Amino acid sequence: MGKNKLSSNKLTSIEDKVLTIQARDDEKLRNELIGDYQPFIKKVTSKVCSQYIDRTMDEFSVGLFAFNEAIDQYQEGQGSRFLSFADMVIRRRVIDYIRKEVRQNRLIFLQPDEEDEEGRLEESYAEQKAAMDHFEDQIQVENRVYEIEEYQKLLKTFGLNFKVLSKHCPKHVDARENAKEIARLLAENEELAAFLKEKKQLPIKDLLNMVSCSRKTIERNRKYIIAVSLIYLGDFQALKSYIQP
């Protein structure tokens, strides 16, 4: 075996294993990792579904596919450990699956049944629709709470928290919108985003070539710009609604 090749037993962390799988397309190591972390997948999936999920259920299969997806998408230095990232991917995929099932079941439940009495049928429609709407609302609330928790963890790696951000949020609407636009441009540029993740700092010099504001303005709103950029880079779908126009 060449010096540049590591055997799986020399990989000391799950992050090492994931990056090795990506670099070498190592299916054997991938299957081992998925097998070893099935209890983790089951735990996350059960928590999302608020019930015990075993290996025979569709939700567990969705969790497995999501964990495999996380292996492919994880990036070193993105601000979170692999298991935190995998937790987020599993939750999102399971929630998407549940929403899809809810929509399909709603269509089935609301099909007219000519044998029912008209009053009972209308009452049944209303009850079923209200129950489905409530369930979807609960899923959205849980997803938002989870994203806030993960966002807090990501902010912490940059030395930020909500208390700090409240002090550094631009007071004027125009200044806030300008800072949000700078953050969006940064997040959409791979090189600038990589610089932010690695250095934990704004690439101010490069940003000045992309925007029509002064260095002083960017530096004054530095913490807010970083915080908004992390919402885009972390792909926090629920939180994006708070920063988009």
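**Figure 1. S50, an exposed loop residue with positive phi.** At 59% relative accessibility, S50 lies above the 50% cut-off and therefore counts as exposed in this predicted model. The residue sits in the loop between α3 and α4, the latter helix covering residues 58-73. Although S50 is not a glycine, its phi is positive, at about 55°.

Figure 2. Phi of D25 is near 50°, which is a positive value in a residue other than glycine. With a relative accessibility of 54%, D25 counts as exposed.

**Figure 3. T45, a buried residue of helix α3.** T45 belongs to helix α3, which runs over residues 38-49, and at 0% relative accessibility T45 counts as buried. A polar atom of the T45 side chain lies 2.7 Å from the backbone oxygen of I41. When neighbours within four places in sequence are left aside, T45 is in contact with I53, E59, F60, G63, I90 and V94.

**Figure 4. R91, a buried residue of helix α5.** R91 is part of helix α5, residues 82-109, and its relative accessibility of 13% is under the 20% cut-off, so R91 counts as buried. The side chains of R91 and D87 make a polar contact at 2.7 Å. Not counting residues up to four places away in sequence, R91 touches V44, K47, V48 and Y146. Between R91 and T45 the C-alpha to C-alpha distance is 6.9 Å, while the two residues are 46 residues apart in sequence.

**Figure 5. The packing of helix α8 against helix α9.** Helix α8, residues 173-188, and helix α9, residues 190-199, pack with their axes 5 Å apart and at an angle of about 100°. Because angles of 65 to 115 degrees count as roughly perpendicular, α8 and α9 are described as roughly perpendicular to each other. By class, the contact of α8 with α9 has five nonpolar, no polar and two charged residues. On the α8 side the residues are L186, A187 and E188, and these meet E190, L192, A193 and L196 in α9.

**Figure 6. Residues 58-71, a segment annotated in UniProt.** An unreviewed UniProt entry lists residues 58-71 under "short sequence motif: Polymerase core binding". In the predicted model this span is 100% helix and 0% strand, and its end C-alpha atoms lie 20 Å apart.

Figure 7. The annotation "DNA-binding region", which comes from an unreviewed UniProt entry, covers residues 204-223. Over residues 204-223 the chain is 65% helix and 0% strand, with the end C-alpha atoms 12 Å apart.

**Figure 8. The chain as the setting of the close-up views.** The secondary structure of the chain comes to 13 helices and zero strands. Of the 245 residues in the chain, 39% are buried. Among the contacts in the chain with a separation of 6 or more, 59% are accounted for by residues 24 or more positions apart.

Definitions and conventions. Residues numbered from 1 in each chain as written. Predicted model: local features only at pLDDT ≥ 70, side-chain atom pairs only at ≥ 80, totals over all residues. Heavy atoms only, no water. Helix = DSSP H or I, 4+ residues; strand = E, 2+ residues; numbered from the N terminus. Buried < 20%, exposed > 50% of the residue type's maximum accessible area, 1.4 Å probe, protein only. Contact = heavy atoms within 4.5 Å. Polar contact = N/O pair within 3.5 Å; in protein donor to acceptor, adjacent residues only side chain to side chain. UniProt positions renumbered as here; feature names shortened; annotations may be inferred. Axes fitted to C-alpha atoms, helices over the stretch in contact; angles between N-to-C directions. Parallel < 35°, antiparallel > 145°, perpendicular 65-115°, else oblique. Nonpolar A, V, L, I, M, F, W, Y, C, P; charged D, E, K, R; others polar.
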